[in-house]
Amino acid sequence: MADTHITVEEQLHGGHDDHHGHHDHDHHDHHHHEESFISKYIFSMDHKMIAKQFLVTGIFWAVIGGLFSTLFRLQLGWPEDTFPILESILGAWAPDGKLQPSFYYALVTMHGTIMVFFVLTAGLSGTFSNLLIPFQIGARDMASPFMNMLSYWFFFLAGVVMMVSLFVGTGPASAGWTMYPPQSALPAASPGSGIGTTLWLISMALFIVSVLLGGLNYITTVLNMRTKGMTLFRMPLTVWAFFFTAILGLLSFPVLLSAALLLIFDRHLGTSFYLSDIYIAGEALANSGGSPILFQHLFWFLGHPEVYIIILPAMGIVSHVMATNARKPIFGYKMMVYSILAISILAFIVWAHHMFVSGLNPFAGSVFVIFTLLIAVPSAIKVFNWITTLWKGNIRFTPAMLFSVGFVSLFISGGLTGIYLGNSALDIQLHDTYFVVAHFHIVMGMAAMFGMFAGIYHWFPKMYDGRMMNKTLGYIHFWLTIISGYLIFWPMHYLGMSGVPRRYYEFTNFDFSSMYGNLNAFISTFAVIVFLAQFLFIVNFFYSIWWGRKTKTRNPWESNSLEWTTPIEGMHGNWPGEIPEVHRWPYDYSKDGYDYIPQTVPVGKEEEFLLKRMPVEEKEDEFEELLKDLD
């Protein structure tokens, strides 16, 4: 709120000369021309349509990834039983209704890949970065709409290649979503190491191109396209989160691309980047001099920033939704920004905490322990600020708000278990057990999905011309998801502490783990429930696109940020006339007796013209009349 001392006169007469992105490119928005179906819905260059393309594609992949997890949980929950329907669907991969071990590992691999990259990276960041950055900074569109279109279609092509890999004769990749060599580097190692792995690597290369195109666009747009008055510290926390997420992706994803390319070379060109002293069926291969540990370093140099590429957008969304629905200014706005910056920096120097059992030098391990525990500090700052934002707020429990509060709960409970895994002495015991599965599914998987759900419920009317999603179905969706989610992953911590390893096909042959058969059945039951519960959301989402209740106001949540100043019926260019000028930060809630004050309202004596209590429609009209009078 450092800029609130600037007077209206200074703003209107150029005393505060901040013209970031307020270019004279309004003219193209006033010439409406007929668009074909293909140019409007397929190869669109409108950031709003591209956001919807990312979202719908992400939902499709979420169903596929969730289905895969449900299938392998059936195997883990009831390893002695058969499910004839599986043979009807999967054929030779499930003879007599029981998953083949090789296909089980393929399902685990593809579930992780799809959820981490296609859903939580592209579906979350791609959707909301595209939707909100131009809206919330006051831009007509992205800096390069064409590059923006390409970023989606590279993602789409990556999905096509990944889908094809599911149907090849030898089966999809099955070396785990981390794709560790030597198994992934040797086509003869297993059926899943064949053409399925090659297609996996090609798909990831295409996906990385998509991320880089999008990231360059997001960064450029934020830096160069802000409307007049939109200083950096007047941007919503959503934009800050998307901005740093794009920087993380731009710096880390090329490392994974290099790792994938070197792996392709080892597989098909006879190189030895990751291979040395390998024997197959007792016969030594010619490869020498390589190291599979090199791949781990390259993978996790992306893999740990990837955790924050997934969670930072959710943090930004939750911060914004929470302030709006608590009717309070976000607590510690600048500290929230600085904590995002700190997380982004530290994310690059903690990757080897995934490698404590790889033979890492103990001294190097201790350095990574320090930085791993240090990253908990900015995360704790954010948690403290969320809780204090809620404290004594006039909370509106919309579905978006419930998912935001649920996000905070999950981030706390999942983050606390990360402190255990961040200590190398404990991690050596817990590594590759179900404790790790529980930790990252709560803190990254479920929490990020809750951030995504919060964003969809909150900005749905902005995406779909004022249509609203059904609140009752939203409430049921929330409670089924959070209860079932906790009942799936919380018991896994105890499995992990008992030494039960992850990725095993079944545990009935081992005395130390066979005793947990009932607990695995319990977990699998709720895995099925939580998967089915998501169809409530899907029905609600697609029904509401065409038949949802239409809001009577363009600002149904009484929010301050710029996206709610655009017409209800979306248009290419966002604003029909000049782009609004910004005079304040986006979190002026419950200030000076006023419920909310939009960013476009000048700071100063003119605030006395705002009426404290009036219907929403009249209040919006009053704001507009005030701005006209000032102009």
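Helix 15 supplies the largest share of the lining of the largest cavity, 12 residues. This is a predicted model, where local features need pLDDT of at least 70, side-chain atom pairs count only at pLDDT 80 or more, and totals for chains, interfaces and linings use all residues. Residues are numbered from 1 along each chain as its sequence is written, and side-chain values use heavy atoms, with hydrogens and water left out.

**Terms**
- On a 1 Å grid over the protein atoms alone, a cavity is a set of points where a 1.4 Å probe fits but cannot get out; a pocket is an open set with protein on both sides within 12 Å along at least five of seven lines; lining residues have an atom within 4 Å of a point.
- Points join across faces, edges and corners, and a volume is the space filled by probe spheres set on them.
- Helices are DSSP runs (H or I, at least four residues), numbered from the N terminus.
- Ala, Val, Leu, Ile, Met, Phe, Trp, Tyr, Cys and Pro count as nonpolar, Asp, Glu, Lys and Arg as charged, and the others, Gly among them, as polar.

**Largest cavity**
- The whole structure holds 9 cavities of 30 Å³ or more.
- Two or more lining residues come from each of helix 3 (47–77), helix 5 (101–137), helix 15 (434–463), helix 16 (471–497) and helix 18 (517–547).
- By class, the lining has 31 nonpolar, 11 polar and 3 charged residues.

**Second largest cavity**
- This cavity holds about 200 Å³.
- Of its 19 lining residues, Thr 121, Ser 125, Gly 126, Val 211 and Tyr 218 are closest to the centre.
- Helix 7 gives the largest share, 6 residues.
- The lining has 9 nonpolar, 10 polar and no charged residues.

**Second largest pocket**
- About 1000 Å³ lies in this pocket.
- Among its 42 lining residues, His 304, His 353, Gly 418, Leu 421 and His 439 lie nearest the centre.
- Helix 13 gives the most, 8 residues.
- The lining divides into 24 nonpolar, 14 polar and 4 charged residues.

**Helix 12 against helix 13**
- The axes of helix 12 (residues 376–390) and helix 13 (residues 399–422) come within 11 Å and cross at roughly 140°; axes are lines fitted to C-alpha atoms over the stretch in contact, with angles from 0 to 180 degrees between N-to-C directions.
- Contact (heavy atoms within 4.5 Å) joins residues including Trp 386 in helix 12 and Phe 411 in helix 13.
- The contact has 10 nonpolar, 1 polar and no charged residues.
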